[in-house]
Every structure is written in structure tokens, then in C-alpha cells.
Amino acid sequence: MNRDELKMRLKQFVLRVIKLVDNMPKTRSGHALANQIIRSGTSPYANYCAACIAKSEKDFLNKVKMVEEELDETAHWLELVIDSEMIERNRLESLHEENLELLKIITRSIITMREKINKS
């Protein structure tokens, strides 16, 4: 997967996160989780776009590590929504799976970039 494809996939993920948040229950816990998910779930796209214009390999690595952290955090929030039964499991499973898949891709990118930097 090249950078543009990953960028588009992250953008699609963010759009799905936005729809989820807009459909969260209008309860105190719904608002609290929605606020967390919208913050952590939308930043991976912006941070990856920033990584794509990084000034150096180390700069790219640092920005992509932020993407990893935000995807990881989003996965935890989504698990809480699923486990709390705030939203039906079947409505969230594919979003959660995409989150975990993107996290794996980003983690592999970090490992590859670290290896590349260490060889330099």
C-alpha cells in the first residue's frame, strides 16, 4: 500500500468515526466517549498527512508514531463502546476491525522506518 492509498484509507476511517460520534447516545457517558473518540479517531488522518510532508526520515517516524498512538487509543474507546453495549456490537465491529488493521499497517511502517534509519 502506498502513501496515497493509506491516506485515503485513513480519511475513510475518519469519516466513519465522525458518523459514529454523531450517532452516539445523548447521555453523559455517550458524550464523554464521543468526545474521546472524535479527538483520537480523527487525528490519525491529519497526523499521517503531516508525516507525508516530513522534513526527514526521523521527522516522518515521529509523526507516524503519533498516528500509532491515536489509533491505539481509538481502539480502546471503541472497545468500551462495544463492551458497554452503548451501540450494538454489529454496528461497530467493522469500524473496530478497520481501526486494528490500520494500526497494524502503521506499526509495520514504524518498524520498517526504524530499520531504515538504523542502517543509515
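Tutor: First, a term: helices are DSSP runs of H or I with at least four residues, numbered from the N terminus. This is a predicted model, where local features need pLDDT of at least 70, side-chain atom pairs count only at pLDDT 80 or more, and totals for chains, interfaces and linings use all residues. Residues are numbered from 1 along each chain, and side-chain values use heavy atoms, without hydrogens and water.

Student: Which helices supply at least two residues each to the lining of the largest pocket?
Tutor: Helix 1, helix 3 and helix 4 each do, and helix 4 gives the largest share, six residues.

Student: How many residues line the largest pocket, and which lie nearest its centre?
Tutor: There are 13, with Met-1, Leu-6, Tyr-48, Ile-105 and Ser-109 nearest the centre.

Student: What classes make up the lining of the largest pocket?
Tutor: Eight residues are nonpolar, three polar and two charged.

Student: Why is Glu-85 called exposed?
Tutor: Exposed means over 50% relative accessible area, buried under 20%, and partly exposed in between, with a 1.4 Å probe and protein chains only. Glu-85 has 69% relative accessibility, so Glu-85 counts as exposed. Glu-85 sits in the loop between helix 3 (57-83) and helix 4.

Student: What makes the phi of Glu-85 stand out?
Tutor: Most residues other than glycine have a negative phi. Glu-85 is not a glycine, yet its phi is positive, about 60°.

Key:
On a 1 Å grid over the protein atoms alone, a cavity is a set of points where a 1.4 Å probe fits but cannot get out, and a pocket is an open set with protein on both sides within 12 Å along at least five of seven lines; lining residues have an atom within 4 Å of a point. Ala, Val, Leu, Ile, Met, Phe, Trp, Tyr, Cys and Pro count as nonpolar, Asp, Glu, Lys and Arg as charged, and the others, Gly among them, as polar.
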